[in-house]
Amino acid sequence: MMHQALLAHLATGATHVCHCWAVTRRDGMILGFTDHDRRLAFDGITFSPESGLSAKALASTTGLAVNNTEAVGVLSSDAITEEDIEAGRYDGAEVQIWLVQWDDPSVRQVEFAGTIGEITRASGGFQAELRGLSDALNQPQGRSYLKTCSAVLGDAGCGVDLSNPAFVARRDVTVETDGQSFRFDNLADYDARWFAGGRIEVLTGDARGLSAVIREDVQQENHRVIQVWEPIRLPIALGDTVRLIAGCDKRPVTCREKFSNFINFQGFPDIPGDDWLVSVPRSDQPNQGRSRSR
């Protein structure tokens, strides 16, 4: 329902309204923008007019179709930078757009709430797809019944404590890296391939908050080489601190022997495979009426 004061203001025919929108990145940073010619502030957010960011017309429906719009802007060193977009800092960021009476910002109405989808860049600018809240209804829901575990290491279903030094290593970068290959000389306490399939997270420096999935963890002479699938897209300097999280291949034997957590295993290792549906008794095999899972 529209704010009654705003509705009354719009009914006058001589309106003082503008749009304000806030972008909340996954690292917690909040940026505010407006198409008004002066700064506005409410909800603890300052909305800046000089960013060059604007939103196209909203397309909304009364059903479950995804409300969508786009934000278009100019890459600005003091607001949205090309490096931050390239690094993925705006992927999945939350967006909220208000229609605001600019001479009284307390009179406002939320017009859109959602997240940033695909971002494209060209000619010093960018265009970001905005996805409405109903976009989440397009995602698969419910539990999958698989032989492997469906939990994510450390989440509520898994229960593994990722503050345990046995599963997490916090180390400073002491060897120059290209963001895809890392070398550490102080991981002797961990078995080779201990971190394969896990994650590396950057805790300090320009790349703080970014992470990558570890592809390989190998012992080479007196040091360990950690390689990731996709390079971290901001520079990592000597002295920056990273966190290495142990890898889990979601097999029951790994859950039991590596993490001692089989009681929380979320897979079904004894579930029959597809071939079980078409299997029949065979005369050349013993048929004793026992469980096929043993």
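The points below are grouped by topic. This is a predicted model, in which local features need pLDDT of at least 70, side-chain atom pairs count only at pLDDT 80 or more, and totals for chains, interfaces and linings use all residues. Residues are numbered from 1 along each chain as its sequence is written, and side-chain values use heavy atoms, with hydrogens and water left out.

**Cysteines**
- The structure holds 0 disulfides (a disulfide is a pair of cysteine sulfur atoms within 2.5 Å).
- Cysteine 248 is in no disulfide; its nearest cysteine sulfur belongs to cysteine 255, 6.4 Å away.
- Cysteine 255 is in no disulfide either; the sulfur of cysteine 149 is the nearest, at 6.1 Å.
- Cysteine 248 is partly exposed, at 25% relative accessible area, while cysteine 255 is buried at 8% (buried is under 20%, exposed over 50%, partly exposed in between, with a 1.4 Å probe and protein chains only).

**Arginine 25**
- Arginine 25 sits in the loop between β1 (17-24) and β2 (30-34) (strands are DSSP runs of E, at least two residues, numbered from the N terminus).
- Arginine 25 is buried, with 7% relative accessibility.
- Leaving out residues up to four places away in sequence, arginine 25 touches Asp84, Arg89, Tyr90 and Ala93 (contact means heavy atoms within 4.5 Å).

**Pocket lining**
- The lining of the largest pocket divides into 6 nonpolar, 3 polar and 8 charged residues (Ala, Val, Leu, Ile, Met, Phe, Trp, Tyr, Cys and Pro count as nonpolar, Asp, Glu, Lys and Arg as charged, the others as polar).

Conventions: Helix = DSSP H or I, 4+ residues; strand = E, 2+ residues; numbered from the N terminus.
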